[in-house]
Amino acid sequence: MKTKSIAISLGVALLLASNVSSVADASWLSKAMDRLETSNAKLSPNWPKAEQYRHYRPGQVIGAPPLPAEDMKLAGVSLGTSFDAVKASLGQPTSEKRDELTYGGIKFGHTLMQDSRPIVWYMTVSNRDAVTSRGIAVGDSLKKVMDIYGRPDFIDFDNRWFYGYLRYNSDNIIGIFFEHNGSKVTKIIISDR
């Protein structure tokens with residue numbers, strides 16, 4: 001009986017050890033893939049660099065005409081939508097301020113102006129709660145962004161990739177920013193300022 005108990009204990013110990021090993025391997029593999037993706041991004045001669053976007057004159061138009069209306073939506077909400085319409089569409093927000101509605105990792109914001117009803121001027125996503133109309137989500141690689149959207153129209157001083165229309169050195173901006181950590185998207189901002 002004692003031998004059977006020892007054999008079962010050894011079997012359980014081996015099973016647990018093999019499970020820990022596979023978890024460690026998966027974690028190692030994920031980290032290795034992240035390092036490879038990051039190093040590939042830095043080594044690619046075609047990779048866009050911020051300094052390539054510093055030759056513009058103040059007021060110069062950068063990018064194409066505004067992106068299609070479909071690109072300027074998140075979770076079915078378009079820029080210019082009233083806060084009341086957002087709540088009618090998405091329900092009660094997880095947080096509500098005078099100038100911002102929050103639904104989990106999605107924020108719909110308004111620039112407060114005197115005597116104006118709150119409408120959506122910008123939208124941000126900080127997790128995988130929403131994707132762009134072309135399927136980009138927080139956590140996706142910059143390579144995927146470039147494969148789908150092409151080279152950025154602009155890279156700002158915060159190193160965010162921008163697609164859309166802007167006047168250099170002004171607040172006239174209509175488009176999508178992809179904040180990133182050098183290899184993956186960390187935040188998506190759709191703005192009409």
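Let's start with strands β4 and β5. Strand β4 covers residues 95-97, and three bridges join β4 to β5. The two strands run antiparallel. Keep in mind that this is a predicted model. In one of the facing positions, Ser95 stands opposite Thr102 in β5. Between β4 and β5 there are two residues, and the two strands form a hairpin.

β5 and β6 form a hairpin with two residues between them. Look at Gly104 in that turn, with a positive phi of about 60 degrees.

Which residues of β5 sit on which side? In a regular strand, side chains alternate between the two faces of the sheet. In β5, residues 100-103, Glu100 and Thr102 are on one side. Leu101 and Tyr103 are on the other. Both faces are covered, and all four of these residues are buried.

Follow the chain on from β6. Val120 lies in the loop between β6 (106-109) and β7 (122-125). Is Val120 buried or exposed? Buried: the relative accessible area of Val120 is 2%, and the cut-off for buried is under 20%. What does Val120 touch, leaving out residues up to four places away in sequence? The contacts include Val77, Ser78, Leu79, Gly80 and Thr81. Phe83, Val86, Phe108 and Gly109 are also on the list. Val120 and Leu101 are 19 residues apart in sequence, yet their C-alpha atoms are 9.2 Å apart in space.

Met123 stands opposite Ile190 in β11. β11 has another partner, β10. Seven bridges join β10 to β11, also antiparallel.

Two residues have a positive phi although neither is a glycine. Asn159 has a phi of about 65 degrees. Asn159 lies in the loop between β8 and β9. At a relative accessible area of 34%, Asn159 is partly exposed. Asn169 also has a positive phi of about 65 degrees. Asn169 is in the loop between β9 and β10. With 65% relative accessibility, Asn169 counts as exposed, because the cut-off for exposed is over 50%.

On to the rings. A pair of aromatic rings is described by the distance of the centres and the angle of the planes. How many aromatic pairs does the structure hold? Ten. Take Tyr53 and Phe154: the ring centres are 6.2 Å apart and the planes are at 85 degrees, so this pair is edge-to-face. The pair links distant parts of the chain, 101 residues apart. Tyr53 is in the loop between α1 (2-43) and β1 (61-63), while Phe154 is in strand β8, residues 154-155. Both Tyr53 and Phe154 are buried. Another edge-to-face pair is Tyr103 with Phe108: 6.0 Å centre to centre, 75 degrees between the planes. Tyr103 and Phe108 are buried as well. There is also a cluster: ring pairs link Tyr53, Tyr56, Phe154 and Tyr168.

Phe154 brings us to the largest pocket. About 230 Å³ of space lies in the largest pocket. The lining has 13 residues, and nearest the centre lie Phe154, Asp156, Asn169, Ser170 and Ile173. Which elements give two or more residues to that lining? β9 (161-167) and β10 (173-180). By type, the lining residues are six nonpolar, two polar and five charged.

Last, the whole protein. The secondary structure is three helices and eleven strands. From the N terminus on, the order is α-β-β-β-α-β-β-β-β-α-β-β-β-β. The protein has 193 residues, and 35% of them count as buried. Finally, take contacts between residues at least 6 apart in sequence: 51% join residues at least 24 apart.

Technical notes
Residues are numbered from 1 along each chain as its sequence is written. This is a predicted model: local features need pLDDT of at least 70, side-chain atom pairs count only at pLDDT 80 or more; totals for chains, interfaces and linings use all residues. Side-chain values use heavy atoms; hydrogens and water are left out. On a 1 Å grid over the protein atoms alone, a cavity is a set of points where a 1.4 Å probe fits but cannot get out, and a pocket is an open set with protein on both sides within 12 Å along at least five of seven lines; lining residues have an atom within 4 Å of a point. Grid points are joined across faces, edges and corners, and a volume is the space filled by probe spheres set on the points. Helices (H or I, at least four residues) and strands (E, at least two) are DSSP runs, numbered from the N terminus. Ala, Val, Leu, Ile, Met, Phe, Trp, Tyr, Cys and Pro count as nonpolar, Asp, Glu, Lys and Arg as charged, and the others, Gly among them, as polar. Buried means under 20% relative accessible area, exposed over 50%, partly exposed in between (1.4 Å probe, protein chains only). Contact means heavy atoms within 4.5 Å. Two strands pair if DSSP finds at least two bridges between them. Rings of Phe, Tyr and Trp (its six-membered ring) pair if their centres lie within 6.5 Å; planes under 30 degrees apart count as stacked, over 60 as edge-to-face and the rest as tilted.
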